[in-house]
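Dear colleague,

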Amino acid sequence: MGAVTIQQVARAAGVSPSTVSNLLTGRSERMLPATRARVTAAIEQLGYRPNRAARQLRTGRTRTVGLIVPSVGNPFWGAFARELEHAALADGYNVLLCNSERDPERERRYVEDLWDDGVRGVVLCTSLPSLQHLAPVIDRGLQLVTFDRPTQPDDPASVVSISIDNNVGGFLAASHLTRLGHRKLAFVSGSLRSVNRTGRFQGFCSAVESAGLDVADMAVWPTSDGAPFGDVEAAEIGRRAAHDLFSTDDRPTGVVAVNDMTALGLCRGLRDLGLRVGRDVSVVGFDDIVLADLYDPPLTTVRQPIAQMARLAMAEVASHSGAAPTESGRSVLLRPELVVRDSTAKPPSR
Ligand code: RIB
């Protein structure tokens with residue numbers, strides 16, 4: 001027996017095929033409840049499955065959203081992807097996941113390929129300062145929602161941005177340490193060539209200055225900016241930083257790491273050097289991934305509201321994709337929260 005067609009469903013329900021199609025595509029607000037019930041019953045009775053490929057051919061778009069993350073090698077992105085998929089499924093969408101490694105060329109290729117496959121809405125997790133490499137496909141009508149960077153001055157006007165306030169996050173992390181009495185701090189990161197990391201670093205500097213300290217006396221690692229972004233090798237970056245920063249006499253007593261994986265690598269490096277985290281050295285991470293609370297000692301960190309941000313990103317992409325992009329891309333900035341655990345304490349008395 002061949003596949004059940006929309007015409008068979010329509011005949012069984014005593015309606016036209018376009019009425020069935022309206023119900024299937026969510027355009028049924030003006031349908032009588034009795035009609036809706038008849039069509040639904042006919043769909044169930046006949047076991048009708050809509051032919052997505054045919055619908056895509058007709059409309060030129062799919063019920064799929066693209067999600068491009070830097071790398072699921074970092075559990076932060078795995079958690080974000082899981083939350084976004086959850087929200088997408090609830091809205092009747094599927095998700096196609098891609099890893100960009102923060103490479104603009106990879107971002108461009110994925111976005112173009114997704115468009116060619118009929119995907120009209122993409123959530124792009126990126127913190128690159130410019131989106132110019134994506135301008136042609138945005139001009140064609142792609143609804144782009146960026147996560148992890150606030151809107152930048154030359155962003156195309158239709159782009160919606162969702163991010164935490166990284167400046168506030170960096171400030172919370174460093175001022176927690178200065179309030180505990182730390183006077184010599186370090187900021188540890190992969191490459192700072194990204195909007196959110198620069199924001200975190202600026203917040204760090206503001207906290208140092210507000211505590212009456214001199215930014216020039218603080219340590220910043222790496223010292224030159226050829227470093228990789230480190231989404232995959234974040235822990236290794238932290239470990240190397242521990243080795244470099246704590247093999248000198250002028251050691252910091254408190255460290256702010258750009259994310260939790262870097263902080264955890266740093267803790268491991270400190271342990272290799274015989275130093276106790278939360279006693280000899282205080283460490284603050286950023287993100288609040290699931291491992292932060294499981295580590296020993298549990299990591300003090302700056303929490304990003306991952307689930308809330310993923311839901312927002314999905315809502316934005318679903319409400320616009322397929323419609324003509326508007327000229328008024330929104331920028332949503334959420335406040336991060338400091339979560340104090342045992343990896344931070346007063347500095348040791350010398
Ligand atoms: O750990 C992943 C980090 O990369 C997060 O802090 C996120 O904001 C991104 O920049």
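Predicted model: local features only at pLDDT ≥ 70, side-chain atom pairs only at ≥ 80, totals over all residues.

Six strands make up an open sheet in the order 2-1-3-4-5-11, and their pairing is parallel. The edges are taken by strand 2 (94-99) and strand 11 (331-334), each of which has a single partner strand, so one side of each is left without a neighbour in the sheet. On average, and with direction ignored, neighbouring strands of this sheet are turned by 15° against each other. Within it, strand 1 (residues 64-69) pairs with strand 2 in the parallel sense over six bridges, and Ile-68 stands opposite Cys-98 in strand 2.

There is also an open sheet of four strands, ordered 7-6-8-9, again with parallel pairing. Here strand 7 (219-221) and strand 9 (282-284) stand at the edges with a single partner strand each, and therefore one side of each is left without a neighbour in the sheet. Strand 8 (residues 254-257) runs parallel to strand 9 and is joined to it by three bridges, with Val-284 in strand 9 as the bridge partner of Val-256.

Helix 9 (residues 195-210) packs on this four-stranded sheet, where it touches strand 6 (185-188), strand 7 and strand 8, and its direction makes about 175° with that of strand 6. Helix 10 (residues 234-245), for its part, lies across strand 6 and strand 7 and runs at about 145° to strand 7.

Helix 9 is also in contact with helix 8 (residues 166-180), and the axes of the two come within 6 Å and cross at roughly 40°. The residues making the contact include Asn-166, Gly-170, Phe-171 and Ala-174 of helix 8, together with Gly-199, Arg-200, Gly-203 and Phe-204 of helix 9. Sorted by class, this contact has four nonpolar, 10 polar and one charged residues.

Finally, as regards annotation, an unreviewed UniProt entry lists residues 5-29 as "domain: HTH cro/C1-type". In the model, the chain over residues 5-29 is 64% helix and 0% strand, and the C-alpha atoms at its ends are 23 Å apart.

How values were computed
Residues numbered from 1 in each chain as written. Heavy atoms only, no water. Pairing = 2+ DSSP bridges. Contact = heavy atoms within 4.5 Å. Axes fitted to C-alpha atoms, helices over the stretch in contact; angles between N-to-C directions. Nonpolar A, V, L, I, M, F, W, Y, C, P; charged D, E, K, R; others polar. UniProt positions renumbered as here; feature names shortened; annotations may be inferred.
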